[in-house]
Amino acid sequence: MTQGVAILGSTGSIGTTALRVLQRHRDRFHVAALTAHSNAALLAEQAAEFAPAYVGLVAGAAGHGPSGWRQGAAALVEAAERDDVAIVLNAVVGAAGLDATLAALERGKRVALANKESLVVGGTLVVDAWRRGGGELVPVDSEHSAILQCIAGRPITEVRRLVLTASGGPFRQWTAERIAAASAADALQHPTWRMGRKITVDSASLANKALEVIEAHHLFGLPYDRIDVVVHPQSVVHSFVEFVDGSVVAQLGVPSMELPVLYALTHPGRLHDTGVPPFDPVEASPLTFEPVRHEAFPTLALGVDAGREGGATPAVFNAANEQAVALFLDGRIRFGDIPRGIDGALSALSGHDGTTRDALIAADQAARRHVREFFRC
């Protein structure tokens with residue numbers, strides 16, 4: 001019998017990647033549910049090809065999609081809770097993915113998590129739901145998938161340090177002054193990965209790496225002073241794990257999200273797959289590593305410090321970043337204004353309650369309002 005998979009955010013870059021992977025493994029999986037934010041045309045094509053029992057359009061108005069489609073934000077949770085769904089691949093962008101992650105974990109399902117904001121915004125709540133429900137939380141981010149594979153079931157007490165790799169994005173060699181004045185077109189020219197617009201901007205600012213550090217803290221239970229970041233422009237080494245005896249294990253692979261998506265579906269096992277080209281170490285060489293230039297990329301330190309503070313502060317960081325990126329992509333602020341807006345929100349909203357889901361959502365909304373008011377947008 002095949003396992004049912006719900007893909008939340010099926011029309012985005014991770015969602016379409018997951019469907020390519022599932023297409024090759026119809027003997028093991030079937031698509032039970034699909035949801036998209038607003039791309040009704042592509043969602044209709046996907047529904048016609050994979051014939052899921054459930055289709056939802058989050059931003060759709062009544063009657064916008066074909067008969068039988070669920071309309072509205074409730075579609076995410078409904079898809080995640082379905083009895084015919086064993087695996088929920090959450091590829092929703094932003095804090096909107098939190099409720100679906102919580103719902104799936106409460107019901108004991110496997111969550112293949114590409115929505116890093118779930119752990120950033122509601123890390124303690126997510127971990128508690130994971131433990132109560134008895135399900136599985138398997139990361140889809142290439143860096144966290146790499147760490148999971150490197151640890152390979154060893155107790156976390158044997159791990160001394162995690163090292164996440166960052167490509168450095170399109171501005172790796174730019175001066176701080178040039179970065180501050182970068183255009184949206186500049187920020188969207190990622191040298192290695194092809195991703196959605198928001199995450200591509202996050203990669204350019206290194207905000208994505210801050211989110212990943214917070215995510216790693218919750219996934220693997222290590223303190224922040226034992227999680228490091230190093231720039232690796234080739235994006236071939238996805239992460240390192242240093243063990244207490246000094247040994248270091250790294251996971252390598254071609255820069256394709258099909259690999260971590262497949263592993264999230266099959267962990268801890270593996271399936272034979274030919275979706276990506278074989279790894280050629282000679283062709284991939286040379287592999288180089290550089291320190292992060294924190295003075296040029298202040299968003300990374302802002303996010304990691306927010307993670308250390310805990311409570312609602314990571315939610316404030318995430319929401320302020322989401323709002324600032326949206327304003328930047330709309331041409332209303334400069335790239336260098338993104339960390340300014342985040343810093344302003346963090347300063348104004350420190351100490352916000354973060355003990356409940358509603359309190360976290362309130363902190364999220366307050367941060368978005370603060371950034372809009374900060375830039376008078």
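Leu-252, Phe-279, Leu-287 and Phe-289 make a nonpolar surface patch of about 320 Å², where patches are made of residues with over 30% relative accessible area and no salt bridge, like charges being joined within 9 Å and nonpolar side chains (Val, Leu, Ile, Met, Phe, Trp, Tyr) within 5 Å. Within this patch, Phe-279 is found in the loop between helix H11 (258-266) and helix H12 (281-284), and its relative accessibility of 37% counts as partly exposed. The model is predicted, so that local features need pLDDT of at least 70 and side-chain atom pairs count only at pLDDT 80 or more, while totals for chains, interfaces and linings use all residues. Residues are numbered from 1 along each chain as its sequence is written, and side-chain values use heavy atoms, with hydrogens and water left out.

The structure holds 25 salt bridges, each being a side-chain nitrogen of Lys or Arg within 4 Å of a carboxyl oxygen of Asp or Glu. One of them joins the side chains of Glu-117 and Lys-198 (3.4 Å, N to O); because Glu-117 lies in helix H5 (residues 117-133) and Lys-198 in helix H9 (residues 197-205), the pair ties together parts that are 81 residues apart in sequence. Both Glu-117 and Lys-198 are buried, a term for under 20% relative accessible area, with exposed meaning over 50% and partly exposed in between (1.4 Å probe, protein chains only).

In helix H10 (residues 207-220), Lys-209 and Glu-212 lie 3 residues apart, about one turn of the helix, and form a salt bridge whose closest N and O atoms are 2.6 Å apart. Lys-209 is buried, with a relative accessible area of 2%, and Glu-212 is buried at 3%. Helices (H or I, at least four residues) are DSSP runs, numbered from the N terminus.

Key. Accessible areas come from the Shrake-Rupley method with a 1.4 Å probe; for residues, only the protein chains shown count as cover. Helices (H or I, at least four residues) and strands (E, at least two) are DSSP runs, numbered from the N terminus.
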